[in-house]
Each structure stands twice: as C-alpha cells, then as structure tokens.
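Student: I have a protein model open and would like to learn how to read it. Could you walk me through it?

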Amino acid sequence: MLEFIEGIGRASVWPFWVPIAVWTGLAGAAALVPGLKRGLHPISGYRLHQALLLALPTSVVAAPWVPELWPPAAAPIGPLPSASGIEIGPAPPGAVPLALDPGRGVDIAWALLGAATVAVLLLAAARLAVLMGDLRQLRRLRLAAPRVDEAAPRRTLRELAEHLGVRRPVVLLEGPPGSTPMTFGVWRPVVVLPRAQLDAPDSLGTALAHELIHVRRADSLSALLDCLTSAAFGFHPLVRLLRRRIERCREMSCDAEVLARGVVRPAAYAELLAHTHTPTQFPLPAIAAGLSAPSLTLKERLETMKRFADTRLTFRRRMGLVVGTGLLFLVTATLGACAGDTAGDASVRDDALAPVAELEFGEAALQRYAIPLAIDPEGPVQYTHMSEERAQEELARFEIQVQYLREQIEETGEAMGQFDTTDGRFDRREEMYLAERFGLLRSMHAQAVKRSETAKLAYETQKRMQGRP
C-alpha cells in the first residue's frame, strides 16, 4: 500500500504539483495589483481575477501535452555510472533484472506527497458532489417555479433587455417565498424574482436590470467555471481568495453598470440593495448570480456605486481590458504548463536510469564474482577470491567495458567535431549534451581502465601467491 502511495507521489509531482507551485507564485504576485489599486474599475478586477483563477486548471491540464509541442530531450545512451562506481550499460528492452534489493524501503517524502495527492482528489470529489447538488437544486427550481405571465413584468423585461443589449431569450420565473433575485442557466438563461419585486414596479425594473446585465455578460458560465475550479482546487487558499474577489467584483461591477446606464435612480437602487442584504430563507447557490453577495457588505457596495456611478468604460478601455486579461491568462497558464514540462524533461534522465538502478540493486548478488567490486578513491579496494575460470571471465568483461567506452568517446568526439563544419543547424541543447557526455565518458573510461588494471593486478597476485611453495 505504501509503495502504491509513493508511486502516486512520484507520478503527480511534475504534471500536478509543479504547475500549481508556479501558478501560486505568478498569481499571488499578480493578485496584489488589483488589491492595491483602489481606483481600478470593478469590471477590470472581475475579469483579471477570473483570468488568474482559470489559468490554474489550464496549466495543469496542458502540462502533459506540452512535450508534444517540442521534440523530447535526448536520453542518455551508453554506459552510466552506478552508486558503487561501476559503469554499466542500460538493460536491453525486456531484460530481467539480475536481482532486487530486498531492503529498499519507501521514501517517506514521496509517500507523504502521494497521500496529499489522494487527499486532494478526495476533497475535490466531495466538493464536486456539493456542486452537483447545487445544479440539481437549480434544475428543480426551474421546473417547480411558476412562469410569470403578467403583461407588465414581461413588458418591462422585454424593454430592459432591448435597452441593455440582451439578445438571448430570457425566461422570467417567480421565486419561492424568502428568495432573492437571481439568474442562472448557461444556454437557457432564467431570471427568478420573488413576488415582492414582481408586484412593485420600481423594484421590478431595478432587479431586472441587475439580472439582465448578468445574462448579457454570461456570468452564469463564468460562475460555473469558477465553481468547478474552486471545487477541484479547494485546498489552495489563493483559489478561495480569488473566488471571493471574483464574487465581490462581479456584483460591484454590475451595480456600477446599472447606474452608469441610467436605468434606475441611485436612491431606489440603494433601497433595493438594503432589502436584499437581509438574511433569506432560500440560500443563493454559489453557481447562480444574484443581487445579493454574502461576501460584500452594504457599505462597500454603496461606496463603489458612489465612486463609479458616472463611469462608463469606453470602447478603447474595453479592448485594453480584453487584451490585458487575455495576456495575463496566457502568460500565467503557459508558464505553469511549461514548468511542469521542464521538470518532466529533467526526469527523462531519471527514467533512463531505471534499468541501471535495477542492476545496481543486484550488484550485491555479484560481489562473490567481481574483482574488485568497487574502487573508492578515499577508501581501500575491495577484493574477492574466485576460481581462475571465473576470474578470467571478469577480466574479459572489464576489457570489453574499456573498449566500449573508448569507442563511445571516439564517436562522441566525431559528433562534436561536426559543429565546426556546419552552419549552426544543430540545436544548442544537443551541443551542450554532447559536450557533457564527452566529459562523462572520459571520466568513466579512466575509472574503467583503473578498475581493469587493478583486477589484473589482483588476479596475477593471486596466481603467484598460489604458486609459491
């Protein structure tokens, strides 16, 4: 079981945790700008915070696919060094390890990371179940709430929709007692108003204007994406912070636009807000956009209305907001995804070392044959007595390793020499890899020669000692 948890930790670190760590740094720094600049329009804060939040799932989802955009990193070839100092080549495909280390334990750090990953998945499943419950609640409300057929509310809805630029058909429903004005529905938008607003002409126009702006901006779709992200990454405190800021900016930007368009009088709008900020018997689901916002105080909304009541975003500012939001989203998501890919490239060499690691665990089983098993520059050489036939086999094996390393050094040197005769068509990373490999091969060759000569010395010493009278 612990080995399975450890495997989950190793498998999740690059495609999951690394993009999250990079996103945390980028989004945390970017989130300070809207928070410090008090003069920022609420709609700008709304879109910028949304871009930061949605960049998180995008970077995690895109991280496994980023390697498809670039050629994979070159894997090490030829012999590789083991921990004991013996250079051995990777096992061929399908090879069976010589032996495994029975004492190898579980890496506690990877196991803890795997346990954290499992906990995150369980938490996400629980929060997604809650979100599905909210969706079912809204579906039952759509089916159970009576449709408003009175002429006056329908005429007001039609006139305001035309004035605010809402082109999709909107269904007007009567909410249950104790409910608050709200809108939901990604494809078929629905506006729900309690009977108190439907019977009061002033409140009806004010509430409808607010909800129709939500419909025109497709805030139901945005709320759905935000809730999905918050459910999947609910363990992250920055996600919860951005989610609250998005809800606050969404309602404040809607308030500012209602007053900026001159649809209602500020006094009537403030009176409606004061009425809807009282606790209701029908809680507003997180996925629905409503007139009330639990994370906002009435004082904050009134101060924002006063500051931005006469401010309308020009076309130039709107285009700048779109471009800035898009760039923020792309940069944050791309850097997060590429960080996971870069870390994954670093793990390519670890994957290539896997067959060598299996052989390395089996070296303990070969100690009775190898002469010497390892040469430690800072310690004594380990010798092992063996039969003459077996010793000759070991000496021949050492000679093959020395010859192989010599051939690899010559081939790598020839490949490096081609850089002087080409016009720069080689990749810089390939050149650096060849130079690094050349140095490694020379070091390995020197060690192999030393080991071979030491083994010959041990063999000849043993033979001569046995021949002494």
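Student: What percentage of the residues of the protein count as buried?

Tutor: Start with the term: buried means under 20% relative accessible area, exposed means over 50%, and partly exposed lies in between, using a 1.4 Å probe and protein chains only. Here 41% of the 469 residues count as buried. Keep in mind that this is a predicted model, where local features need pLDDT of at least 70 and side-chain atom pairs count only at pLDDT 80 or more, while totals for chains, interfaces and linings use all residues. Residues are numbered from 1 along each chain as its sequence is written, and side-chain values use heavy atoms, with hydrogens and water left out.

Student: How many helices and strands are there in the protein?

Tutor: Helices (H or I, at least four residues) and strands (E, at least two) are DSSP runs, numbered from the N terminus. This protein has 14 helices and six strands.

Student: In what order do the strands of the open sheet run?

Tutor: Two strands pair if DSSP finds at least two bridges between them. The open sheet has four strands in the order β3-β5-β4-β6, and its pairing is mixed. At the edges are β3 and β6 (289–290), each pairing on one side only.

Student: In which sense does β5 pair with β3, parallel or antiparallel?

Tutor: β3 (residues 171–174) and β5 are parallel, with four bridges. Leu-172 has Val-191 of β5 as its bridge partner, and Glu-174 has Leu-193. By contrast, β4 (residues 182–184) pairs with β5 in the antiparallel sense over three bridges. There, Phe-184 is bridged to Val-190. Five residues lie between the strands of the β4 and β5 hairpin, where Gly-185 takes a positive phi near 105 degrees.

Student: Are the faces of β5 covered or open?

Tutor: Both are covered: Val-190 and Val-192 are buried on one side, and Val-191 and Leu-193 are buried on the other.

Student: Which residues touch the most other members of the largest nonpolar core?

Tutor: In soluble globular proteins, nonpolar side chains tend to be buried together. A nonpolar core is a set of buried Ala, Val, Leu, Ile, Met, Phe, Trp, Tyr and Cys residues joined through side-chain atoms within 4.5 Å. In the largest one, of 28 residues, those with the most such neighbours are Val-166, Leu-172, Val-191, Leu-193, Leu-208, Leu-212 and Tyr-269. Elements that each supply at least two residues include β5 (190–193) and α8 (237–260). Helix α6 gives the largest share, seven residues. A separate core has 23 residues, including Ala-31, Leu-52, Cys-249 and Leu-313.

Student: What does Tyr-269 contact beyond its neighbours within four places in sequence?

Tutor: Contact means heavy atoms within 4.5 Å. Among the partners of Tyr-269 are Thr-206, His-210, Leu-291 and Met-305.

Student: Why does Ser-59 count as buried?

Tutor: Ser-59 counts as buried because its relative accessibility is 0%. This serine sits in helix α2 (residues 42–62). Leaving out residues up to four places away in sequence, Ser-59 touches Pro-19, Ala-333, Gly-336 and Ala-337.

Student: And why does Leu-225 count as partly exposed?

Tutor: Leu-225 counts as partly exposed because its relative accessibility is 35%. Its place is in helix α7.
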